[in-house]
Amino acid sequence: MHPDLVKLLALQDVDKEILRLNEEVAALPKRVPAIEAKLAGTKAQLEAARAAVKADEAAKKKFEAAPTSIYS
């Protein structure tokens with residue numbers, strides 16, 4: 001194969017990769033709202049889990065403070 005043809009094919013591969021990367025970069029702003037929404041949902045789940053842990057700890061303390069015998 002002619003050396004110039006080899007270089008031309010390599011250049012074509014580079015051009016295709018540049019096009020792919022430019023399309024990927026262009027798509028990022030469209031994905032940001034979905035990523036932010038997912039993050040907000042995850043944060044809400046985390047806060048709910050933290051609240052549940054606090055409620056469990058409060059119930060545990062209340063249970064531990066209760067008399068151990070039914071006759072006391």
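This is a selection-by-selection tour of one predicted chain, from the overall trace to single side chains.

The model is predicted, so local features need pLDDT of at least 70 and side-chain atom pairs count only at pLDDT 80 or more, while totals for chains, interfaces and linings use all residues. Residues are numbered from 1 along each chain as its sequence is written, and side-chain values use heavy atoms, with hydrogens and water left out.

**Whole chain**

Start with the C-alpha trace of the whole chain. Along its principal axes the trace spans about 100 × 25 × 10 Å. The radius of gyration is 30 Å, whereas a compact globule of 72 residues would have one near 11 Å. That radius is taken over C-alpha atoms, and the globule rule is 2.2 Å times the number of residues to the power 0.38.

Colour by secondary structure next. The chain has 1 helix and 0 strands; helices (H or I, at least four residues) and strands (E, at least two) are DSSP runs, numbered from the N terminus. Helix H1 covers residues 3–65.

Now show the surface. How much of the chain counts as buried? Of the 72 residues, 0% do, where buried means under 20% relative accessible area, exposed over 50%, and partly exposed in between (1.4 Å probe, protein chains only). The accessible surface comes to about 6900 Å², and 66% of it belongs to carbon and sulfur atoms. Such areas come from the Shrake-Rupley method with a 1.4 Å probe; for residues, only the protein chains shown count as cover.

Colour by charge. The chain carries 12 positive and 11 negative charges, and their mean positions are 9 Å apart. Lys and Arg count as positive and Asp and Glu as negative, with His and the chain ends not counted. Each charge is placed at NZ of Lys, CZ of Arg, CG of Asp or CD of Glu.

**The nonpolar patch**

Select Met1, Leu5, Val6, Leu8, Leu9, Leu11, Val14 and Ile18. Together these residues make a nonpolar surface patch of about 750 Å². Patches are made of residues with over 30% relative accessible area and no salt bridge: like charges are joined within 9 Å, nonpolar side chains (Val, Leu, Ile, Met, Phe, Trp, Tyr) within 5 Å. Within this selection, pick valine 6, which lies in helix H1. Valine 6 is partly exposed, at a relative accessible area of 42%.

A salt bridge is a side-chain nitrogen of Lys or Arg within 4 Å of a carboxyl oxygen of Asp or Glu. By this rule there are 3 salt bridges.

Centre on arginine 20, in helix H1. Which residues does arginine 20 bridge to? One partner is glutamate 17, with the closest N and O atoms 2.7 Å apart. Another is glutamate 24, at 3.0 Å between the closest N and O atoms. Glutamate 17 is 3 residues from arginine 20 in helix H1, about one turn of the helix. Arginine 20 and glutamate 24 are 4 residues apart in H1, again about one helical turn. In relative accessibility, arginine 20 has 40%, glutamate 17 has 36% and glutamate 24 has 39%; each of these values counts as partly exposed.

**Arginine 50 and glutamate 47**

Move to arginine 50. This residue forms a salt bridge with glutamate 47, the closest N and O atoms lying 3.1 Å apart. Both residues lie in helix H1, 3 residues apart, or about one turn of the helix. Arginine 50 is partly exposed at 48% relative accessible area, and glutamate 47 is partly exposed at 45%. Finish by selecting Glu17, Arg20 and Glu24 together: salt bridges that share partners join them into one network.
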